[in-house]
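Here is a note for a colleague who is meeting this structure for the first time. The points below are numbered so that each can be checked against the model in turn.

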Amino acid sequence: MVRDFLSERAVHVALGNSVSSKRVTKGCPQGSVSGSTLWNIIINDLIALLSNAPNVRMIVFADDIMFMIQGPSPSPSPTAILTTLQSTLQTIEDWCKEHRLEISKDKSVLMSMFTRNRDVYKRHPTTVAWGINVVSKMRYLGIILDFKLDWYPHTQYLENKLLRIRNSLVRCSKATCGKSFHNLMTVYKYAILPAIRYASEAWSTTIYKRAKSKLQQIQRSFLIFITKSYRRV
């Protein structure tokens, strides 16, 4: 059944009175029930290749892959980390060629943890050859990771995202008309708070003071608006 599902497939594109067809030799239909299982079978080979690599931890969620490389970072060059990075990337490239896959280099970034000296990584032949951007923060599975793990960039991201929703609500609810307190509180409880708490198991226990303050600011702005209170309350 799986063989038939993956055999003799074609994609057809219709534009006006013209139809163009192309044979499909890889990939699964978007949203297919079996697609995730078939991908897990493929990615299992890569997991097995790197499962015993020293100082490398691999995290896989669907087709998003993160590698955490541990090692000393002495001045002036974190040689051990970059050497491990080079061997890991080479293993991935060889695996991709074998399975007719490509790495999305535009979406691939490197973040050196707990160090401000990112120039060493930017100039290294490995990152230059692969075209990998060296960043101080990155988005992964809906949260913003930063190199200090103080989670302040993540709370800034939440602020920008949620205040757009707040501003939209302001336009449809004034002090004496529009959406009622009950309706606004329903939106707050079942839309805003879940967005704030998303993945909080990962970041709430190590959040820094300024990030906590930012979370309070976000919630306060909503509650002031919902209760029709003065700004100084």
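**Notes on the model**

1. Lys214 is buried, because its relative accessible area is 11%, where buried means under 20% relative accessible area, exposed means over 50%, and partly exposed lies in between (1.4 Å probe, protein chains only). Salt bridges that share partners join Lys148, Asp150 and Arg210 into one network, a salt bridge being a side-chain nitrogen of Lys or Arg within 4 Å of a carboxyl oxygen of Asp or Glu.

2. Some words on the basis of these notes: this is a predicted model, in which local features need pLDDT of at least 70 and side-chain atom pairs count only at pLDDT 80 or more, while totals for chains, interfaces and linings use all residues. Residues are numbered from 1 along each chain as its sequence is written, and side-chain values use heavy atoms, with hydrogens and water left out.

3. The structure holds three salt bridges. In one of them the side chains of Asp150 and Lys148 meet at 4.0 Å, N to O; Asp150 is buried, with a relative accessible area of 3%, whereas Lys148 counts as partly exposed at 30% relative accessibility. Arg210 also forms a salt bridge with Asp150, with the closest N and O atoms 3.2 Å apart. Since Arg210 lies in helix H9 and Asp150 in the loop between S8 and H6, this pair ties together parts that are 60 residues apart in sequence; helices (H or I, at least four residues) and strands (E, at least two) are DSSP runs, numbered from the N terminus. Arg210 itself is partly exposed, with a relative accessible area of 42%.

4. Glu159 forms a salt bridge with Lys214, and the closest N and O atoms are 3.2 Å apart. Glu159 lies in helix H6 and Lys214 in helix H9, so the pair ties together parts that are 55 residues apart in sequence.

5. Helix H6 covers residues 152-171, and its 20 residues should span 28 Å at 1.5 Å a residue, which agrees with the 29 Å between its end C-alpha atoms; the expected span is 1.5 Å times one less than the number of residues. Among the buried residues of H6 are Tyr152, Leu158, Glu159, Leu162, Arg166 and Leu169. Against which elements do the buried residues of H6 pack? They pack against strand S7 (137-140), strand S8 (143-146), helix H7 (181-197), helix H8 (200-203) and helix H9 (209-226), contact meaning heavy atoms within 4.5 Å.

6. Strands S7 and S8 pair in the antiparallel sense over four bridges, where two strands pair if DSSP finds at least two bridges between them. The bridge partner of Lys137 is Asp146 in S8. Met138 and Tyr140 make up the covered face of S7, while Lys137 and Arg139 make up the uncovered one. The hairpin of S7 and S8 has two residues between the strands, and Leu141 takes a positive phi near 55° there.

7. Leu6 is found in helix H1 (residues 2-6) and counts as partly exposed, at 36% relative accessibility.
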